[in-house]
Structures are given as C-alpha cells and as structure tokens.
Amino acid sequence: MEVIDPAESKSATLEVNNAQPNTEKTNPGPKPSNYLVGAILSTIFCCLPFGIAAIIYAGQVDSLWYAEKYDAAREMSRKASKWMWAGVITAIACWVIYFTVIVSIGIGAAMMSAE
C-alpha cells in the first residue's frame, strides 16, 4: 500500500490549478463606464422603460468589475449604453412625430380658417 504525503498532494493540486492561467484576471484593461448618470437622465427625460433597463445594467458594472469579472462588467456596460441610447433615440423620435402632427394640424386649421 502506497502512502501519500499530504504536502506533496497539496503542491501537486496547486500546480494543476496554476497551469491554467486566467487571462481575464491578468489583463483587465481600463474599467468600463457604467453610464449610470446617462441612464438616470434617460429615465427621467426620455423613455422610462428603456431607462430603467439601463439603470439595472449600469448598477452591475462596478460590482462585477471589483469582483474581477471583467468580461461580464464590459458586457453590462455595453448593455447599459445600448438601453440608454435606445431611450434617448425613442424620445427624440416621439418628439419629432409629436411636433410634426401638431404643426400639420396647425397648418391645416390655418388653411381652413383662411377659406
């Protein structure tokens, strides 16, 4: 029967674990923006549903980054940016349509009253 020395077993386990480097932890690069201010402004002034989604994703960026989950933090940053801009673009499109309809009604009313 072979006796296994616990010290040798532990060092062998450490060597196996260290043989597969985690590239995500070794080169994190710059911390991504969380877009929280833009998400909040988008919620208040633009489109509420898209802004709330942006706030949820923006709130996860920093916690994932400090938990050394860099790829997940970058993904949440991209999603926060996407939802923030979706809210801004939706609001702009709605305002353009609104003003176009109002101006068209005003011009139509002015033309009818001129006759």
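This is a predicted model: local features need pLDDT of at least 70, side-chain atom pairs count only at pLDDT 80 or more; totals for chains, interfaces and linings use all residues.

Trainee: How many salt bridges does a search of the whole structure find?

Mentor: Side chains of opposite charge can pair when their charged atoms come close. A pair counts here if a side-chain nitrogen of Lys or Arg lies within 4 Å of a carboxyl oxygen of Asp or Glu. Over the whole structure, the search finds three.

Trainee: Which residue forms a salt bridge with K31, and in which helix does that residue lie?

Mentor: The partner is D62, with the closest N and O atoms 2.7 Å apart. The pair links distant parts of the chain, 31 residues apart. K31 sits in the loop between helix 2 (23-26) and helix 3 (36-45), whereas D62 belongs to helix 4 (residues 48-66).

Trainee: Why does D62 count as partly exposed rather than buried?

Mentor: Buried requires under 20% relative accessible area, and exposed requires over 50%. D62 falls in between, so the class is partly exposed, at a relative accessible area of 25%.

Trainee: Where do D71 and R74 lie?

Mentor: Their side chains meet in a salt bridge, 3.1 Å from N to O. D71 is partly exposed at 47%, and R74 is likewise partly exposed at 24%. The two residues are three apart, about one turn, and both lie in helix 5 (residues 70-114).

Trainee: What is the N to O distance between R78 and E75?

Mentor: Both residues lie in helix 5, three residues apart. R78 has a relative accessible area of 49%, and E75 has 30%. Their side chains meet in a salt bridge with an N to O distance of 2.9 Å.

Notes: Residues are numbered from 1 along each chain as its sequence is written. Side-chain values use heavy atoms; hydrogens and water are left out. Helices (H or I, at least four residues) and strands (E, at least two) are DSSP runs, numbered from the N terminus. Buried means under 20% relative accessible area, exposed over 50%, partly exposed in between (1.4 Å probe, protein chains only).
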